[in-house]
Amino acid sequence: MAPGGNGGITIRPYEAPDRPFVRRICFETGYMGDPEWQWRDRESYADLFTSYYTDDEPESALVVERGGEVAGYLLGCIDSQAARSEAAVFGRLMWSRWVVVRPSTAPFVWRSFADVIRDRLDGHPGPAPVRDHRWPAHLHIDLLSSVRGQGVGGTLLRTWQERLRRLGVPGCHVQTLAENRRAIGAFQSVGFRLMGSAAPAPGLRTPTGDRHHVQVLVWETEPRPAERSAAQPRG
Ligand SMILES: CC(C)(COP(=O)(O)OP(=O)(O)OC[C@H]1O[C@@H](n2cnc3c(N)ncnc32)[C@H](O)[C@@H]1OP(=O)(O)O)[C@@H](O)C(=O)NCCC(=O)NCCS
């Protein structure tokens, strides 16, 4: 997306000075794009979902600029098993940020622990990290509301897919809330497909108190054989 090509929106590689803006956007778009997030500590939230990507794999990050300001990002990881996991970051935050007792995070953390135990007892395993050689890459994508619905998310995703093809990475997975219809629509529009059924998300509640669910979607760099033969001209 070229400068001025779409309402002054530009997509470019991430640079170190973008870091605080990426962290702010991460928090402000946390709950399906809504700032009313149930985890109310910005620093730990941004650490959980952006620090690996900005600090350890910045070459896989893209940012969206509008009017000279960062308005969104795609944070990628080409090898999820080699990357620092969110669970590892969370473990560190227990001590560095005291998230288990901090008033802005403790209710969420304890509700999550209770959900995990209850779900196990009920025989509903929660969401698990995807460890599959077919989809080693993963990503996070978040846009401020001012740049949504204009094709920017689709362009970011296609740019990331192109990078994976160039690097010879076989595929990518993504985890989102099953209730986030717009995100699922955006992933499906660039070829991701639902993988498995949605699992109850520990800790998360809708505004009416219902559980949220995590859905995995996957995409292969090369079309699968069935898709390839369907695409071949007949006769
Ligand atoms: C989800 C998000 C990245 C999508 O980016 P976007 O720029 O708004 O989406 P686009 O305008 O590029 O649309 C991409 C596709 O999604 C589809 N889509 C958009 N809104 C949709 C909706 N409500 N339901 C289903 N599909 C939808 C569009 O039809 C489009 O497909 P097309 O290109 O075939 O027409 C962006 O809206 C966002 O950041 N939302 C808030 C944060 C968030 O939810 N992040 C994802 C967490 S995993």
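Helices and strands here are DSSP runs, numbered from the N terminus. The model is predicted.

**Exercise 1. The fold in outline**

Task: State how many helices and strands the chain has, give their order, and judge how compact the chain is.

Solution: 
- Start with the count. The chain holds seven helices and seven strands.
- Next, the order. Read from the N terminus, the elements run β-α-α-β-β-α-α-β-α-β-α-β-β-α.
- Finally, the extent. The C-alpha trace spans about 60 × 45 × 35 Å along its principal axes.

**Exercise 2. The shell around the ligand**

Task: Find which residues come nearest to the ligand, which elements each supply at least two residues of its shell, and how the shell divides by class.

Solution: 
- Begin with the residues. The ligand has 21 residues around it, and Gly33, Gly153, Gly154, Gly185 and Ser189 come nearest.
- Turn to the elements. At least two shell residues come from each of β4 (137–143), α5 (152–167) and α6 (181–189).
- Look for the main contributor. α6 provides the largest share, six residues.
- Sort by class. The shell has 11 polar, six nonpolar and four charged residues.

**Exercise 3. α2 against α3**

Task: Describe how helix α2 and helix α3 pack, and decide whether they are roughly parallel or roughly antiparallel.

Solution: 
- Take the geometry. α2 covers residues 42–56 and α3 covers residues 86–96; their axes lie 9 Å apart, at an angle of about 155°.
- Apply the cut-off. Angles over 145 degrees count as roughly antiparallel, so α2 is roughly antiparallel to α3.
- The crossing of α2 past α3 is right-handed.
- List the contact. α2 contributes Ser44, Asp47, Leu48 and Ser51, while α3 contributes Glu86, Val89, Phe90 and Leu93.
- Classify it. This contact of α2 with α3 has four nonpolar, two polar and two charged residues.

**Exercise 4. α1 against α2**

Task: Work out the relative orientation of α1 and α2, then name the residues that meet.

Solution: 
- Take the geometry. The axes of α1 (residues 19–28) and α2 come within 9 Å and cross at roughly 125°.
- Draw the conclusion. α1 and α2 are therefore oblique to each other.
- α1 makes a right-handed crossing past α2.
- List the contact. From α1 come Arg19, Val22, Arg23, Cys26 and Phe27; they meet Arg42, Tyr45, Ala46, Phe49, Thr50 and Thr54 of α2.
- Classify it. The contact of α1 with α2 has six nonpolar, three charged and two polar residues.

Definitions and conventions. Residues are numbered from 1 along each chain as its sequence is written. This is a predicted model: local features need pLDDT of at least 70, side-chain atom pairs count only at pLDDT 80 or more; totals for chains, interfaces and linings use all residues. A residue is near a molecule or strand if its C-beta atom, placed from the backbone, lies within 6 Å of it. Helices (H or I, at least four residues) and strands (E, at least two) are DSSP runs, numbered from the N terminus. Ala, Val, Leu, Ile, Met, Phe, Trp, Tyr, Cys and Pro count as nonpolar, Asp, Glu, Lys and Arg as charged, and the others, Gly among them, as polar. Axes are lines fitted to C-alpha atoms, for helices over the stretch in contact, and angles run from 0 to 180 degrees between N-to-C directions. Angles under 35 degrees count as roughly parallel, over 145 as roughly antiparallel, 65 to 115 as roughly perpendicular and the rest as oblique. A crossing is left-handed if the near helix is turned anticlockwise from the far one by less than a right angle, and right-handed if clockwise. Two residues are in contact if their C-beta atoms, placed from the backbone, lie within 7 Å.
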